[in-house]
Amino acid sequence: DHASIALAHGPLNSGLDYSEEALGRAEHYAEPEPAGTNALRALSAALNVRGDVLCVRGQPGDAKTAFAHYQRSLEVSERRLAANTNSAEAARDVSVSLDRLGDFLDARGQPGDAEKALGHYQRSLEVRKRLLAANTRSAEAAYDVAVSLEKLAAFLTSRGLPGDAETALGQY
């Protein structure tokens with residue numbers, strides 16, 4: 001049972017086991033399905049969770065694998081959106097994957113990561129603004145735009161290049 005697994009391996013190892021199982025199941029169900037299905041949404045979510053667990057674990061090679069999972073999650077989300085161009089849910093999933101990649105790159109801090117992270121945050125904001133324009137009465141869409149603006153502002157504030165503080169203030 002799950003409780004004995006958690007006691008034997010600890011919460012992190014259990015999370016790793018569960019995320020691996022969930023990813024395997026999601027891949028199994030998503031493979032034969034058309035691009036617009038919820039099976040792809042489950043696969044994208046499972047890839048993000050697996051990436052999150054690997055980032056927390058922090059063993060050698062985990063960051064590289066987590067990054068690959070985040071990238072694949074974005075690809076799956078984009079494929080689902082391409083098949084459902086009017087789906088607010090599919091567009092939101094793309095923005096979430098973009099944010100995850102931006103957060104990862106911002107935290108990793110290797111050469112070129114800051115520019116890539118900024119690009120992901122900016123693209124996420126564009127997706128969310130389009131969602132809000134199409135759903136002007138959606139509180140969730142408005143909230144998502146606010147989240148993207150805050151992420152951009154926080155990123156720019158921490159980056160600290162000339163002009164970043166003024167741009168961040170405008171985002172806030």
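Contact here means heavy atoms within 4.5 Å. The model shown in these close-ups is predicted.

**View 1. Aspartate 144 and its contacts.** Aspartate 144 sits in helix α6. Its relative accessibility is 3%, so aspartate 144 counts as buried; the cut-off for buried is under 20%. Neighbours within four places in sequence are set aside here. Beyond them, aspartate 144 touches Arg92 and Arg128.

**View 2. Helix α6 packs with helix α7.** Helix α6 covers residues 139–159, and helix α7 covers residues 164–171. Their axes lie 8 Å apart, at an angle of about 160 degrees. Angles over 145 degrees count as roughly antiparallel, and α6 and α7 are therefore roughly antiparallel to each other. The crossing of α6 past α7 is left-handed. On the α6 side, the contact is made by Leu149, Leu152, Ala153, Leu156, Thr157 and Arg159. Asp164, Thr167, Ala168 and Gln171 come from α7. By type, the residues of this contact are five nonpolar, three polar and two charged.

**View 3. Phenylalanine 67 and phenylalanine 104 form a stacked pair.** The count of aromatic pairs comes to three. In the pair of phenylalanine 67 and phenylalanine 104, the ring centres are 5.3 Å apart. Their planes meet at 20 degrees, so the pair is stacked. Phenylalanine 67 belongs to helix α3 (residues 62–83), and phenylalanine 104 to helix α4 (residues 88–108). The pair therefore ties together parts that are 37 residues apart in sequence. Both phenylalanine 67 and phenylalanine 104 are buried.

**View 4. An aromatic cluster.** Phe67, Tyr70 and Phe104 make up one aromatic cluster.

Definitions and conventions: Residues numbered from 1 in each chain as written. Predicted model: local features only at pLDDT ≥ 70, side-chain atom pairs only at ≥ 80, totals over all residues. Heavy atoms only, no water. Axes fitted to C-alpha atoms, helices over the stretch in contact; angles between N-to-C directions. Helix = DSSP H or I, 4+ residues; strand = E, 2+ residues; numbered from the N terminus. Parallel < 35°, antiparallel > 145°, perpendicular 65-115°, else oblique. Left-handed = near helix turned anticlockwise from the far one by under 90°. Nonpolar A, V, L, I, M, F, W, Y, C, P; charged D, E, K, R; others polar. Buried < 20%, exposed > 50% of the residue type's maximum accessible area, 1.4 Å probe, protein only. Phe/Tyr/Trp six-rings, centres within 6.5 Å; stacked < 30°, edge-to-face > 60°.
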